[in-house]
Structure formats: C-alpha cells, structure tokens
Amino acid sequence: MAPATAAARALAYHDDGMYVFDKKFLMCKFCDKRVDHERKSTIDNHIKADLHKNNRKKVEAEAAAKKKRQASISESMSNAKKVKEDREEFIKSTVRAFVNANIPLEKLDKPEMRKWFKKYVPGSGDLPSAQQLRDKYVPLLKEEYDDYLKDKVKGKKIVVLCDETTNRRGQAVFLTLFKVLPSKENPTSQLFVASVKILENANADECSKAILQTVQHYEVAHLNIVAIGSDSAAYMNLCIRLLRTLLDNPGLIHLQCWAHKLDKVVKIFPEKLYRLNECVSNTKKLFKNTRKRKHRYVTFLKEKYSFSRAKEVKQFPLPVMTRWGTWKKSVVYLSEYVDDVAEYVKKQLTGKKNETKAVKYFLKLKPEDLLIINSPGDYKAEAKFVVDYCGPVCDLQLLVEGSKYPMSHLLYAKVKELSVTMSSVAKAGDSSKDIKSVLLEKTKACVDLVPSSKQKTLLERIKQVCVSCDDLLQSQMKDDTAREFFESSRLLFNPIKLAASLSHEKISQAKEKIKILDSIPTNCFVIWHSLLSDHVKENNANADPMKKVPHREDLVVNALNSMMKDHSDFAISCLQVLHVSVANVDSERGFSAYGDIFSPKRTNLANEKAEAMMCIYFCNGVDLNNNDKCSEQVDDGDDYDQNAQNIVDGAGVAGGGGAGTHSVYYNDAEDMAWNND
C-alpha cells in the first residue's frame with residue numbers, strides 16, 4: 001500500500017488545522033510547525049497534545065473577538081497608516097538594496113522581474129516605476145544618509161579627503177570624503193562619501209567652494225577639521241591656503257598623497273634601467289592579446305619541467321602603468337624565466353607570420369644579454385637590484401594606501417629607511433669597487449657573476465638609479481606640507497622612539513606641533529606618554545619571537561587600546577594622531593565606485609541622483625581597505641616602454657642573431673653615450 005501524501009492527510013485533517021505547504025509538507029496552522037504526514041499516529045498524537053489544543057483555542061478566540069467587535073475609527077486609521085508606512089519602508093528597502101548591489105532601477109520595470117516579485121514577494125505589486133523610484137525615493141534615501149552622516153561627524157575630529165577627475169561627459173567631478181577619526185564611541189576610523197560635485201573649472205576657487213559647501217551642509221565645526229588630503233597639484237596647495245582663512249583654522253594640515261609620491265620613485269627604475277625595461281616591454285608585447293601563444297608557452301614549460309619540476313609553470317604577469325607594483329612583478333618573473341621565454345621564441349615562433357618586433361627582439365638576444373637579466377642559480381643582476389631596492393618602495397606604497405590601518409607615526413621612519421639605503425649607494429665612490437662595497441649582499445653577488453667588462457657600466461647605471469631615488473625622496477620630505485606633523489608623530493609614537501624613552505623637553509616640543517593634542521595639558525601628557533612607553537616596552541618584551549605576528553599588528557595601537565579604560569582622553573587623542581591619513585588613495589577608490597554608478601549605459605543620470613546613489617553604494621558596497629585592486633593584471637594599454645629605445649627598428653634587424661651582431665641588450669658604447677646625456 002502506497003504511503004499517504006501530504007495533500008491526502010491535509011484533506012482528512014482539515015478541521016484540525018492541517019494544510020499543505022510547498023506541495024510536500026504538512027503544516028499545522030494553529031502551532032505553525034511541520035508535522036510528519038507519513039504516519040497517521042504522529043498526526044493523531046499532535047492533535048491530542050495540550051499545546052495544540054491551547055493554540056487552537058487561542059486562535060479561535062481571537063478570530064471570534066474580531067468578528068464580534070467592529071474596528072473603531074482610530075484603529076482603522078492606525079491600521080491604514082501602518083500599511084502605508086510598511087509599503088514605504090518596503091519600497092525604500094528595495095531601492096537601497098538595488099543601489100547597494102549597483103543594479104540599475106530600470107530592471108524593476110522588466111515584465112519578468114515584476115512577475116517574479118509578484119509571485120514570491122508579497123505586496124511587491126505596490127512597487128512604483130523606475131522613474132518614480134529615482135525621482136522620489138532616491139532623494140529620500142539621500143536625506144536619510146545626510147542625517148546619518150551629520151550624526152556621525154557631530155563633535156568628532158575628521159580628515160577631509162578630496163580629488164578631481166573627469167566623468168564620461170567630460171565634466172570635472174570633485175569628490176569629497178570624510179574620514180571620522182577615532183572617538184570614545186568608536187576607537188577606529190570610519191570613511192564616508194560627503195559630496196560629489198560638478199565643477200565648471202578645476203581651480204583653487206572652485207575646489208575651496210565645494211569643500212566649504214560640503215562642510216557647512218553637514219554642520220561640521222571648523223576647528224574639528226584636522227587636515228585636508230589631496231594631491232600635490234599647485235591649485236590644491238592654493239586651495240588649502242584659502243580654506244585656512246575661510247574656515248578660520250590656521251592649524252589645518254595639508255596632507256599630500258604619499259602613495260603617489262612613492263609611485264614617482266618606483267617609476268625611476270624602468271626609466272633609468274631602460275634596457276631591462278625594454279625586455280619587460282617586449283615580453284608584454286609578446287604575450288599581450290595572444291591566447292593561443294600563451295597556451296603554447298604554458299605547454300612548453302610543462303614539457304620542459306615535467307620531470308625535474310625545477311620551476312613552477314606560470315604565465316608572465318603583464319605590467320600596467322596604472323597598477324602599482326606590476327612592473328616589479330614582471331621583472332621578478334623575467335629574472336627566473338627570461339631564458340625560457342627566449343628559448344620558446346627561438347623554437348616555436350619562427351616563420352614570417354611571427355615576424356613581430358617582440359619576436360625579433362628575443363631572437364637577437366645573446367647569452368651575455370640573458371646573463372645581465374638572469375644569472376645561473378639564485379643570482380640575478382639588474383632584476384635582483386630591482387627586487388632589493390625597488391621592492392621595499394612598492395611594499396611601503398601598498399602599506400600606506402589602506403584606509404583602516406594607522407600609519408602617520410611610521411611613515412617618515414620607513415621613508416628615511418628607504419632614503420638611507422639609496423643614499424649609501426648614491427654617495428659611494430665612482431669606482432666599481434666602491435659601489436659594490438655598499439650594495440646589498442644578494443645584489444652584490446649577482447653583479448659579481450657579470451663579466452668584468454660589463455660590470456662598470458652596470459654599476460654606473462645602478463648608482464644613477466639610487467642617486468635619482470635618493471634626491472627625489474629627500475625633496476619630497478623637504479617639500480612635504482605636513483612634514484612638521486609627521487616628524488612630530490614619528491618622534492612621539494614610533495615604537496623605536498618610545499622604547500628609547502625620550503626626554504620631557506622633546507616630548508613637550510613635539511606635542512606643541514600637533515594641534516589634536518592641545519586638549520591635554522602638557523604635564524599630564526608627559527606622564528601618560530611615559531606610561532605608553534612602558535606599555536610598548538612590556539608588550540615588546542613579552543612578544544614571542546617564534547610566534548607568527550598578525551598582519552599589520554601595531555604595538556603602539558595595542559598599547560593605546562589597553563590604556564583606554566584608565567586614560568581614555570589621552571588614548572583617543574593619540575589614536576586620532578595615528579589615524580590621520582598619509583595617502584589619498586580612498587579618493588581613487590571613490591572614483592572607481594563613481595564609475596560603476598555613472599557607467600556608459602547610465603550617462604544620462606542626473607548629477608544629484610548620481611551623488612545620492614554614489615553615497616549609498618560606496619559606503620555600503622565597497623571594501624575600503626581592499627588593496628588587491630592594485631595588483632590586478634588589467635591591461636589598459638599603458639605600457640612602461642614609452643621611453644625605451646626600439647632597437648629592432650632599422651637596418652640592424654636584418655643582421656639576425658649571428659656572431660657579428662652587437663648585443664641588443666647591453667652595448668657599452670650606447671650606454672656610455674646615454675650616461676653622458
């Protein structure tokens with residue numbers, strides 16, 4: 001005998017409150033729970049249970065009371081008002097969800113979408129059209145956001161971050177962000193979009209006006225604005241000077257983006273090491289937009305290392321100028337795989353159909369050329385120099401671009417470390433021996449493997465790079481508009497300085513240069529600073545050297561958090577100093593979010609609607625501390641080979657790679673001429 005279905009049981013026990021849910025489950029409407037329909041005894045026991053009987057009596061009594069008494073006028077109006085409020089909340093929640101997910105509201109007008117909502121979402125038939133949602137409900141959500149942000153910034157210290165770009169209409173877009181510094185309610189920093197304004201002209205007057213209007217709109221106290229972060233453009237320098245007067249805040253700090261400053265240092269390496277950069281550029285051209293060639297190259301590596309497994313099989317990471325650190329990654333790859341790339345070209349990319357400039361470049365590479373790029377074993381020459389000297393710059397660049405982690409007390413210490421490393425080579429003598437004596441060990445070992453006839457030019461090139469990098473770092477620190485603030489922050493809160501126990505005089509002098517600390521009396525600050533120093537020493541002494549340190553753990557931040565209970569005012573003020581931004585990369589993330597909203601298919605979006613949707617989307621749907629985008633291999637066409645010589649042009653190509661040809665990578669005569677220029 002076949003088992004009874006849920007529908008059959010529901011029909012038999014209909015008077016006892018049984019019904020079918022989702023065509024296969026038996027439910028009790030009085031108890032609001034699922035009942036096993038396969039066994040009749042289970043249903044009978046459920047019906048006889050006291051809980052079921054009590055629930056049934058309660059439901060039937062409520063139903064009878066409703067039938068006996070007619071609702072009063074006030075109850076009817078209250079019910080109608082609640083229904084209206086629920087409808088409004090449903091519509092606003094739907095709009096908020098679509099904007100957070102960056103789904104165009106036009107999708108709600110699609111017949112299939114309406115049909116799906118009507119079937120699965122009760123009450124969704126009340127959804128207005130997409131046009132009405134944009135005209136009525138998006139502004140309502142913006143008003144709610146404004147009230148929320150006003151509450152967040154009320155009485156709080158903030159940093160204003162701003163930048164300018166061009167949208168798809170060719171208009172100048174000025175983005176303003178508020179970074180709310182730590183407070184007693186929230187000991188971490190928070191980031192919000194404040195405004196997205198369209199400027200007639202990107203100049204000091206327009207930018208200062210936009211910032212002033214935004215500050216006034218959110219009722220921010222002028223003296224609570226600690227700093228304004230921007231790029232190093234001349235008109236922004238003038239803008240901040242104007243705002244100091246307009247806001248009556250002479251202590252306002254102008255923060256220039258150190259992530260972009262460090263990017264200028266990184267770009268010196270491909271500019272000066274133009275032969276190495278040329279190899280990187282031609283490798284990119286070799287594999288760019290060539291799916292089949294990439295597949296054949298991976299197959300070539302698999303066959304070559306199938307038994308030995310000496311190298312990992314992986315593709316060449318394409319360098320892109322707008323993606324920080326990608327050029328260094330390409331150099332690291334070539335330091336290990338350039339001989340494999342050259343071998344692959346010579347074995348598999350022959351014939352007229354493959355006669356491209358990149359292929360001809362690798363066909364002309366000679367053994368000594370590969371030695372400069374890639375030496376046997378673990379030793380590299382120019383590539384290893386890039387890893388040892390450019391690598392730390394890229395690492396610091398990625399470190400300062402985050403929004404969440406405090407860096408103001410570490411920035412100058414790390415920049416000075418880079419400068420010391422560069423200056424040791426820059427100030428060395430002109431002889432090869434003097435330069436080699438100050439190189440880092442791995443770079444020095446690589447240089448020793450290069451033939452002596454090539455070493456002099458190689459070392460001169462390395463020294464030129466270090467001289468340029470050191471000069472640029474020194475000038476950047478010297479001309480930094482926030483130099484006094486960062487120097488004082490380093491002196492007061494750098495872990496090394498805290499462990500050394502500064503004198504009271506130095507502590508007092510540094511404190512006077514940081515306006516955030518004015519609320520704390522100097523005598524109290526000196527005492528509490530000594531307690532902070534003791535905390536840092538204790539945490540450092542108790543740290544287990546064998547234990548893996550958590551990512552970005554900061555001894556000073558941990559010590560200040562531990563002091564929060566007994567010395568909250570001191571701890572909060574110090575955390576505010578530490579959380580002052582050292583970069584303006586959050587504005588770049590804001591522009592990425594703006595590009596998602598103001599997409600090519602939504603260029604007719606009104607500026608006010610775009611601003612409202614941007615505020616909701618950026619602050620709720622974007623990871624503000626995700627640095628992975630800086631390492632994406634997205635090819636936007638900006639090569640690093642703009643200044644590189646194209647040696648395959650002209651009659652030199654016809655000579656091929658025979659014994660009588662010159663080295664295409666390393667030519668002493670060309671190098672000496674380039675150095676003299």
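Colleague: How many cavities of 30 Å³ or more does the structure hold?
Modeller: This is a predicted model, where local features need pLDDT of at least 70 and side-chain atom pairs count only at pLDDT 80 or more, while totals for chains, interfaces and linings use all residues. On a 1 Å grid over the protein atoms alone, a cavity is a set of points where a 1.4 Å probe fits but cannot get out. Counting those of 30 Å³ or more, the structure holds one.

Colleague: What is the volume of the largest cavity?
Modeller: Grid points are joined across faces, edges and corners, and a volume is the space filled by probe spheres set on the points. For the largest cavity, this gives about 70 Å³.

Colleague: Which residues lie nearest the centre of the largest cavity?
Modeller: Residues are numbered from 1 along each chain as its sequence is written, and side-chain values use heavy atoms, with hydrogens and water left out. A lining residue has an atom within 4 Å of a cavity point, and the largest cavity has 14 of them. Those nearest its centre are Lys179, Gly402, Tyr405, Ser581 and Val582.

Colleague: How many residues of each class are in that lining?
Modeller: Ala, Val, Leu, Ile, Met, Phe, Trp, Tyr, Cys and Pro count as nonpolar, Asp, Glu, Lys and Arg as charged, and the others, Gly among them, as polar. Sorted this way, the lining of the largest cavity has eight nonpolar, four polar and two charged residues.

Colleague: How many residues of strand E7 are buried?
Modeller: Helices (H or I, at least four residues) and strands (E, at least two) are DSSP runs, numbered from the N terminus. Buried means under 20% relative accessible area, exposed over 50%, and partly exposed in between, with a 1.4 Å probe and protein chains only. Strand E7 (residues 225–230) is mostly covered, and its buried residues number six of six.

Colleague: What handedness does the crossover from E7 to E8 have?
Modeller: Two strands pair if DSSP finds at least two bridges between them; E7 runs parallel to strand E8 (residues 253–256), with four bridges, and Gly229 stands opposite Leu255. The chain goes from E7 through helix H8 (residues 234–246) to E8 in a β-α-β crossover. With the strands pointing away from the viewer, a clockwise path from the first strand over the helix to the second is called right-handed. This crossover is right-handed.

Colleague: Which residue in E7 stands opposite Val160?
Modeller: Strand E4 (residues 158–166) runs parallel to E7, and four bridges join them. Opposite Val160 stands Ile228.

Colleague: Is Asp32 buried or exposed?
Modeller: Asp32 sits in the loop between strand E2 (25–28) and strand E3 (33–35). Although it is not a glycine, Asp32 has a positive phi of about 55 degrees. Its relative accessibility is 60%, so Asp32 counts as exposed.

Colleague: Which residue in E3 is the bridge partner of Met27?
Modeller: E2 and E3 pair in the antiparallel sense over three bridges, and their hairpin has four residues between the strands. In E3, the partner of Met27 is Arg34.

Key:
1 Å grid on protein atoms, 1.4 Å probe; cavity = no way out; pocket = protein on both sides within 12 Å on 5 of 7 lines; lining within 4 Å.
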